[in-house]
Amino acid sequence: MDNDVSAGSTTSTLGHLALGLTLLAFGVGNTQVIDGVTAADAVSVATYIGGLALFIAGLLAFRERDSFTGTAFAGLGAFWFTWGVSADSQVSANAAGLFLLLFALVALSLTLGATGGSPLLRATYALMFVALVLLAIGQFGDSAGLAKAGGWFAALGGLAAWYGATAALAHWPTTLPGRAAGRGVTATG
C-alpha cells in the first residue's frame, strides 16, 4: 500500500465520518454563515451521530484492540451526547465555558497522542482543541466574535475528519506529494 493513501478499519472510518459531520454541523452553526442556522440546529446531529454513533464506534474500536481510537471515539461521543442532551438546559456561561474547556483538554490529549497517526487525524484533533478553547473563552467573556472564530476552527476540523474518512474509502491521498525521508540516498559499501 502506498504511504500517501489512507487506510484504516471500518470502525475508524465510520467514526471519523461521524466526527467530521458533527464538527462541521456544530462549526457552521457557530459561525452563523448560513442565515438562520445556529449551533442549536446541530443538537440532533450531535446527540445521535456525534454522541451515540461515535460512542458505539469507540466501543467497537476497543473490541478491535485499538485503544487510541476507542478512547478518542468513546470520549468524544460522551462529549457530543452530553452537549446535545443538555443544550436546552439553563446553565451559567461559566459552567458552559468550563464544560468546553474540559473537553478541549481531551482534544489536546488526543492531538498529542496521535503522533503516529496521519496529519489529517492530528489536524482534526488540533482544530477541535482550538475551537473548544475559543468557544470556552467566548462563553467566559460573552464574546460572539470568539464563538464565530471557534465555529470556523470546528468546521475546518470537521472537513479534515470528513476528508480523512472519505480518503480511506476512496483510496485518495492524505499527504502532499514529496520526497520521503531517506529516499534517493543509496548506501555503498
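Good morning. I begin with a crossing: helix H1 and helix H6 cross in a left-handed sense. The model I am presenting is a predicted one. H1 covers residues 10–31 and H6 covers residues 144–170; their axes come within 7 Å and cross at roughly 155°. The two helices are therefore roughly antiparallel to each other. As to composition, the residues of this contact comprise 16 nonpolar, ten polar and one charged.

Which residues does Asn30 contact, once neighbours within four places in sequence are set aside? They are Ala39, Leu135, Ala147, Lys148 and Gly151.

I turn now to the packing of H1 with H3. Here the axes are 11 Å apart and the angle is about 35°. This crossing, too, is left-handed. On the H1 side, the residues involved are Thr11, Ser12, Gly15, His16, Leu19, Thr22, Leu23 and Phe26. They meet Thr69, Phe73, Leu76, Trp80 and Trp83 of H3. The residues of this contact divide into seven nonpolar and six polar, with no charged residue.

Let me stay with H3, which runs over residues 67–85. With 19 residues at 1.5 Å a residue, H3 should span 27 Å, and the distance of 27 Å between its end C-alpha atoms therefore agrees with expectation. Several residues of H3 are buried, among them Thr69, Phe73, Leu76, Trp80 and Trp83, the five that meet H1. Also buried are Gly70, Ala72, Ala74, Gly77, Phe79 and Gly84. Against which helices do the buried residues of H3 pack? Their partners are H1, H2 (43–63), H4 (93–113) and H5 (119–141).

Most residues other than glycine have a negative phi. Arg65, which is not a glycine, has a positive phi of about 65°. Arg65 sits in the loop between H2 and H3, and with a relative accessible area of 79% it is exposed. Asp142 likewise has a positive phi, near 50°, and is a residue other than glycine. Its place is the loop between H5 and H6. Is Asp142 buried or exposed? At a relative accessible area of 71%, Asp142 is exposed.

Thank you for your attention.

Terms used
Residues numbered from 1 in each chain as written. Predicted model: local features only at pLDDT ≥ 70, side-chain atom pairs only at ≥ 80, totals over all residues. Heavy atoms only, no water. Axes fitted to C-alpha atoms, helices over the stretch in contact; angles between N-to-C directions. Helix = DSSP H or I, 4+ residues; strand = E, 2+ residues; numbered from the N terminus. Parallel < 35°, antiparallel > 145°, perpendicular 65-115°, else oblique. Left-handed = near helix turned anticlockwise from the far one by under 90°. Nonpolar A, V, L, I, M, F, W, Y, C, P; charged D, E, K, R; others polar. Expected span 1.5 Å × (residues − 1). Buried < 20%, exposed > 50% of the residue type's maximum accessible area, 1.4 Å probe, protein only. Contact = heavy atoms within 4.5 Å.
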